[in-house]
Amino acid sequence: MELKLSASYDATPEEVFAIVTDATFREQACEKTKALSYDVKVTTSGADTVVRVQREMPSDDVPDIARKFVGQTLTVVQTETWHAANADGSRNADVQGEIANTPVTLKGSATIKAQGGQTVQAIELDVKVAVPLIGKKIEPFVVEAIRSGLAKEHELGREWHDGTN
């Protein structure tokens with residue numbers, strides 16, 4: 001199931017990139033999404049910046065149909081590989097993720113680019129729940145949970161840029 005989400009910032013692409021690749025920002029995003037525990041790593045590999053976030057989340061909002069697959073908590077692992085800036089300052093990232101020990105995966109891309117007088121951070125993901133018969137019924141719940149978390153992260157990003165976090 002496809003997920004598309006974007007957020008606009010009154011900032012340059014360089015400023016938005018600095019925020020989304022800041023380990024402290026990512027830790028605060030984990031706290032904002034009510035992670036029970038988390039591990040954030042920001043590393044470089046050649047010209048790429050790799051952001052890996054693993055967070056343990058309560059499964060309280062998981063529908064009953066899916067709860068038997070996940071238990072009381074979910075371990076969500078997401079990796080973003082941000083590539084070197086393009087000539088116009090924009091950035092592209094490959095995004096991969098999973099909910100550990102479940103048949104849930106996500107794969108897609110993210111961009112940071114100037115648009116008008118602002119910078120837009122956009123993400124496009126393909127979310128899959130590989131369970132025969134019920135996978136397609138569970139995907140909307142997974143997509144909504146991801147959308148909610150990303151929206152909170154974008155809100156925090158704006159607060160970071162504005163200095164109000």
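User: Where is Val 95 found, and what makes a run of residues a strand?

Analyst: Val 95 is found in strand β5. Strands are DSSP runs of E with at least two residues, whereas helices are runs of H or I with at least four, and both are numbered from the N terminus. A word on the basis: this is a predicted model, where local features need pLDDT of at least 70, side-chain atom pairs count only at pLDDT 80 or more, and totals for chains, interfaces and linings use all residues. Residues are numbered from 1 along each chain as its sequence is written, and side-chain values use heavy atoms, with hydrogens and water left out.

User: Is Val 95 buried or exposed, and what makes it so?

Analyst: Buried: its relative accessible area is 1%. The cut-offs are under 20% for buried and over 50% for exposed, with partly exposed in between (1.4 Å probe, protein chains only). Buried residues make up 41% of the 165 residues in the protein.

User: Which residues is Val 95 in contact with, leaving aside neighbours within four places in sequence?

Analyst: Contact takes heavy atoms within 4.5 Å. On that basis Val 95 has partners including Thr 79, Leu 106, Ala 110, Ile 123 and Leu 125. Glu 124 sits 29 residues away along the chain, yet its C-alpha is 8.8 Å from that of Val 95.

User: What makes a nonpolar core, and which residues of the largest one touch the most other members?

Analyst: A core is a set of buried Ala, Val, Leu, Ile, Met, Phe, Trp, Tyr and Cys residues joined through side-chain atoms within 4.5 Å. The largest has 32 residues, and Trp 82, Ile 123, Leu 125, Val 142 and Ile 146 touch the most other members. Elements giving at least two residues each include α1 (13-20), β4 (73-82) and α4 (135-162). Beyond four places in sequence, Val 142 contacts Val 104, Val 127 and Val 129.

User: How do you know that β3 and β4 pair?

Analyst: Pairing takes at least two bridges found by DSSP. β3 and β4 run antiparallel and are joined by ten bridges, so they pass that test. One of the bridges has Arg 52 partnered with Thr 79 in β4. Likewise, β2 and β3 pair in the antiparallel sense over nine bridges, with Ser 37 opposite Glu 56 in β3. β2 and β3 also form a hairpin with two residues between them, where Gly 46 in the turn has a positive phi of about 65°.

User: Why are β1 and β2 at the edges?

Analyst: The open sheet has seven strands in the order β1-β7-β6-β5-β4-β3-β2, paired antiparallel. β1 and β2 each have a single partner strand, so one side of each lacks a neighbour in the sheet.

User: What makes the protein as compact as a globular one of its length?

Analyst: The radius of gyration is taken over C-alpha atoms, and the globule rule is 2.2 Å times the number of residues to the power 0.38. There are four helices and seven strands here. The radius is 16 Å, close to the 15 Å that the rule gives for 165 residues, so the protein counts as compact as a globular one of that length.
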